[in-house]
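Please have the sequence and the 3D view open as you read.

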Amino acid sequence: MSGDASRPAEFDAHADSYDEDLARGLSASGEGKSYYATSRVAWLARRLRELAPSTPATPRVLDFGCGDGFAAPLLLSILKAGSVAGVDVSDGLLEIARARHQGPQASFFQLEGWSEPAGFDLAFTNGVFHHIPLDQRAEALERVRSSLKPGGLFAFWENNPWNPGTRLVMRRVVFDRDAITISPPAGRRLLRHAGFDLLTLDSLFYFPRMLRWFRPLEPILAHLPLGGQYLILARRR
């Protein structure tokens, strides 16, 4: 349930061991990153159908803090994105993304110096903002907001510090240990202040693999802010 972020030196240092480091933390849940990544995008697709049916059938998607690009093929296949542009600060992770996900529909860019006029229908981020220093979060959110078309949507996934399993996983991941987590109410405040209107807040990943038989209950529990991660779906004001 960890993401990629804004500290280039640290994440470059872990680029070669990124998958292993993340797997070590996630092993506490009995699942790997593929389960969480696929579930996030599938839940987002469901919410877009329900709450934003006017979203283009093949949206142009910005993956902010894309890391090794793992989400890109999922955004293309599950969300039916027309194209995905991934941006990150880690050159090492971007090299991996470009090597693994070649194709005309997915491209990856160094965030420093990257600029894009407001042309994206949807921005997606996962576990990124808890790595961004407090005094830089407003600037990062402005970059996301300004990349979106007026009325464009922002899917903001973050690790939930109210969930004990999440705290355990983050303690086990070397690049997550000193992260400054964001509670669901704090996430809502961040997005409101950044010029977004909030559509919904959902909370997922209540049950580890050993309790997977209870996962059909997760849609019922989604309104409670207690799952391992939460999604705030917001619209550019």
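In what order do the seven strands stand in the open sheet? The order is E3-E2-E1-E4-E5-E7-E6, and the pairing is mixed. Before going further, please note that this is a predicted model, in which local features need pLDDT of at least 70 and side-chain atom pairs count only at pLDDT 80 or more, while totals for chains, interfaces and linings use all residues. Residues are numbered from 1 along each chain as its sequence is written, and side-chain values use heavy atoms, with hydrogens and water left out.

**The sheet**

Helices (H or I, at least four residues) and strands (E, at least two) are DSSP runs numbered from the N terminus, and two strands pair if DSSP finds at least two bridges between them. Strands E3 (106–110) and E6 (196–204) are at the edges with a single partner strand each, so one side of each has no neighbour in the sheet. From one strand to the next, the twist averages 20°.

| Strands | Sense | Bridges |
|---|---|---|
| E1 and E2 | parallel | five bridges |
| E1 and E4 | parallel | three bridges |
| E4 and E5 | parallel | six bridges |

Arg60 stands opposite Ser83 in E2. Asp63 has Phe124 of E4 as its bridge partner, and Leu122 has Leu153 of E5. E4 itself is mostly covered, with seven of its seven residues buried (buried means under 20% relative accessible area, exposed over 50%, partly exposed in between, with a 1.4 Å probe and protein chains only).

Contact here means heavy atoms within 4.5 Å; axes are lines fitted to C-alpha atoms, for helices over the stretch in contact, and angles run from 0 to 180 degrees between N-to-C directions.

Which residues of H6 are buried? They are Arg137, Ala140, Leu141, Val144, Arg145 and Ser147. These residues lie on the same side of H6, because they cover an arc of only 165° around the axis (the arc is that of the directions from the helix axis to the C-beta atoms). Their cover includes E1, E4, E5, helix H8 (184–193), E6 and E7. On the face turned away from the buried side, H6 carries the exposed residues Ala138 and Glu139.

**The nonpolar cores**

A nonpolar core is a set of buried Ala, Val, Leu, Ile, Met, Phe, Trp, Tyr and Cys residues joined through side-chain atoms within 4.5 Å. The largest one has 40 residues, and Leu44, Leu48, Val61, Leu75, Leu79, Leu122 and Phe124 touch the most other members. H3 gives the most to this core, with seven residues. Leaving aside neighbours within four places in sequence, the contacts of Val61 include Leu75, Leu79, Leu122 and Phe124. A second, separate core of 27 residues includes Ala123, Val128, Ile182 and Leu201.

**A buried arginine**

Helix H3 (residues 33–51) also holds Arg40. Arg40 is buried, with a relative accessible area of 7%. What does the side chain of Arg40 make a polar contact with? The partner is the side chain of Asn126, at 3.5 Å. A polar contact is a pair of N or O atoms within 3.5 Å; within protein, one must be able to donate a hydrogen and the other to accept it, and residues adjacent in sequence count only if both atoms are side-chain atoms.
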